[in-house]
Amino acid sequence: MHLYVKHATLINNCYPEKEGETGSRSSELSYLTFYASSRPVKLTKVGAFLEKKVERDVAKGRKQHNIVSLEILRSLIQACQKDLNLFSKHVVKILIMILDARDRDIQLIDLACETFVLFCQHHDGTTLGVDAEITSDYEGLMKRFAGFTTYKSNDDTTVAQFEYLGHRALQACVVSPALQASNFKTQLGIIMPPVIMSLAKSDQPANELAKSTAVPDLKQSVMSLDLLHENLSSVFAAKTTSLLFEKANGASVRLALSPLIGFMDTKQKWWPPHFAVSTMELVLESLQPQYRYLLVSEILQQFDNTKSQTIHGKPAALVSVLDTVLNANIPLVGISVLEVLNSLFGHLIKALHDGRRLREDEPDPKDDQATLEYAVHQGLAHSIAGLASQTYYQHQLDDISGYLLAKLRVGTSLDTVEGVPLAHYRQVTLKCLDLINAAVRDSGNSSPSTSVVDDVSEEPSEADPLTTSSLTTVSMDVWVPALPLLLDLRPETRLAFASSLICFLEATSTQDVRDETFPKHTLVHHGDVVFVNTLQQTLVQWVALEDFNVQDVLVLYDLLCGLTRRFGADGTIKSIPLVFQLQHLVKQGDITQTSRQRALAAATVEYLAMVGAFYEVDRLSHYVDQLRSERVANKEYSSLFLDIQQGRARSREWAFDHVEPGNSQPVDVFLDRHAVVEILSKDAPLRDEEDVHGLDLEGKLYAEWGSEAFVNQDRTFRIRARGDDAKPKLATPWMSTDFKQSTEGKRQTIKVETLKEALAATASSQDEEETAVDGLHVLSASSIAKRTKDIRTDMASLLSGLDVAATDPQTTTSLVNPPYKI
């Protein structure tokens, strides 16, 4: 009885004795906490006694005693953190009794919430799932606080206060280590619904609410806040969501997303997508970096589950979320790039079934179906570009571009591919390619993927830092299999593909190719040379097509200019023979129709004008101006390029019959190759530093199209093949090995069966001169530099001192004594 009286007396002494006194008696409370912390075994009895006392005080409406009881609980929790589990179930029951009081005093509930916050901070949840009673009580307490977020009252201040207390307690549950102790899914089902409801009611985006500076401290009392003029409940909800996903691991990310997606399904909150996009953006910013890719996986899974043939609000909102996530400039470590790309492109093609066309122009807002289709089409295309905007592995852009270029189905005879007409299918694919090229250009990754060397006769250094630029650019040889599309039967396909190729060349161009006195060679990889050769050969076949039209010749000019801007001096040198080959086709009459001849001849002249302006070669620009003026005077110059030269819009005509229909004058004034080569050799920065007299450059510029000299230019440009140059390699352990050793100096192998024979053979060969490479000496030459160079000689001297005699064949070998002692 005395033991019971001891702890009961200590507890009772903490309460005020006189009426009017508020708060606990501090000295007695200190004594109680000292007693409990020094005797942890008494904590269970202390908790049980407090529970009974609170039960009586609640029934009798003793508010001041309940306030002191909560103060005692907070002191015990703070002083006995390690032994909290000994009285945790009593803490939970006391809080439940106070929350269930009939009068619902806001001050008392605020103190109970403060106690619960402190309890959650130190409660590790090890008793949850083990003790069914405390598990049930703890979940019941969470539900009571969650119910405060939907408290109904005629007093707006009271409603705001209860909402604040509810969200404050739910955030404490999220911060608590007990969240993922055992029953994470159950607790999640209690926490998420009121949090999501508060986010949905707010007019501000969820991700902006989480960044608000008005987020109150979790320990701040509701009594000191003015809640009517502040949206603290929504701010608390956004912060709680952020903390929840910040603590979520791989398995719990999907569980945490489930209530959010279920709410939007149930409440039809998918469209307009503002709530879905802002909430998912908040989730993305909150997740740990290694788990962010799971958000993309879950969104794609939800998109796959929408089996409807028509486009409605949910898939459109999911696409908007994907567009936001993939273009958020946040790395998604661990994402499977090609799998996501395949899924995005597949969904884009499915969205074009049933005769739907790719919507590129924003529709009338009153047309709901057109708006949804536009959101899906553009969102998926921009998601593909966003996927390419982040680099996750080497040659990633090569894989993405190669995947899309393969989708062009070069050489196919099919009219329909995956349920979409072939022409439309290619249009969609090229649209995605254009967006990727734009993403590469806008992100600043415009340096070419080739190495720059000053001397084409030398191999680029293996340590060249520019070789790592293959991480962020597309290799030229990826485009080679698709170049036959320039010869496609449909002019629209030719033009669309050529435009995409021009965008690619512009996206990977660099300005420093013309900033030096001597050229920087960028055409150094085998794949680049193959690309340029294949493209130029295709261009010659292209101009020979019967339906070669106005738009074709304009795009041909753009491609020639793109090669020079992309490859600098190397591109220009390779293009000069092509330019004069095109002029040769016009001159020999291989190009029929005079308007077509004039246009193609004008394209070659305008290309040289671009070269003169690009390298700031005044003599070349002056020569081109004179030639252009002479042709214009003789009506030999196409009006297509006069419009461009004078800054007017390009012609939209397709047939040459509609261009200068009254002019049948053929071209008689041609470019003088000798004059062009002389100007480029002397004035343009195309000559290498070691080519003092420019003879090597003249030989390249004079090379006839298709000749052996033209083909041999590849030996100059092709420095090395792209492949494993940028991959890490193991360093060789030999730093200074002499590999010029003669075969006579190799170590001889002695095959013996006994040690005695080995010693005898070694002693007999001491006069032979041998040299061998000592691997240890190579590895640490500085530390053992004083070693004798001929180690074999030293060993021979040592062995010769053993005075080993020849073995008698009749001697019996002993199993006890060594052979040299027999």
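Reader: Which residues have the most contacts inside the largest nonpolar core?

Author: A nonpolar core is a set of buried Ala, Val, Leu, Ile, Met, Phe, Trp, Tyr and Cys residues joined through side-chain atoms within 4.5 Å. Buried means under 20% relative accessible area, exposed over 50%, and partly exposed in between, with a 1.4 Å probe and protein chains only. Here the largest core has 232 residues, and Phe116, Tyr138, Trp479, Phe497 and Phe531 have the most contacts inside it. Helix H22 (residues 550-587) gives the most to this core, 20 residues; helices are DSSP runs of H or I, at least four residues, numbered from the N terminus.

This is a predicted model, where local features need pLDDT of at least 70 and side-chain atom pairs count only at pLDDT 80 or more, while totals for chains, interfaces and linings use all residues. Numbering starts from 1 along each chain as its sequence is written, and side-chain values use heavy atoms, leaving out hydrogens and water.

Reader: What is Phe531 in contact with?

Author: Contact means heavy atoms within 4.5 Å. Leaving aside neighbours within four places in sequence, Phe531 meets Met476, Trp479, Val480, Leu483, Leu501, Leu505, Leu563 and Phe567.

Reader: Is Arg356 buried or exposed, and what is the nearest side chain of opposite charge?

Author: For charge, Lys and Arg count as positive and Asp and Glu as negative, with His and the chain ends not counted. Arg356 is buried but has no salt bridge; Asp354, the nearest side chain of opposite charge, is 4.1 Å away. You'll find Arg356 in the loop between helix H16 (337-350) and helix H17 (368-388). Beyond four places in sequence, Arg356 touches Gln309, Ile311, Lys350, Ala351, Glu373 and His424.

Reader: Where is confidence lowest and where is it highest?

Author: pLDDT is the predictor's confidence in each residue, from 0 to 100. Helix H31 (residues 775-779) is lowest, at a mean of 37, and helix H13 (residues 274-286) highest, at 95. Over residues 445-472 pLDDT stays under 50. Where pLDDT is low, the predicted coordinates should not be read in detail.

Methods
Helices (H or I, at least four residues) and strands (E, at least two) are DSSP runs, numbered from the N terminus. A salt bridge is a side-chain nitrogen of Lys or Arg within 4 Å of a carboxyl oxygen of Asp or Glu.
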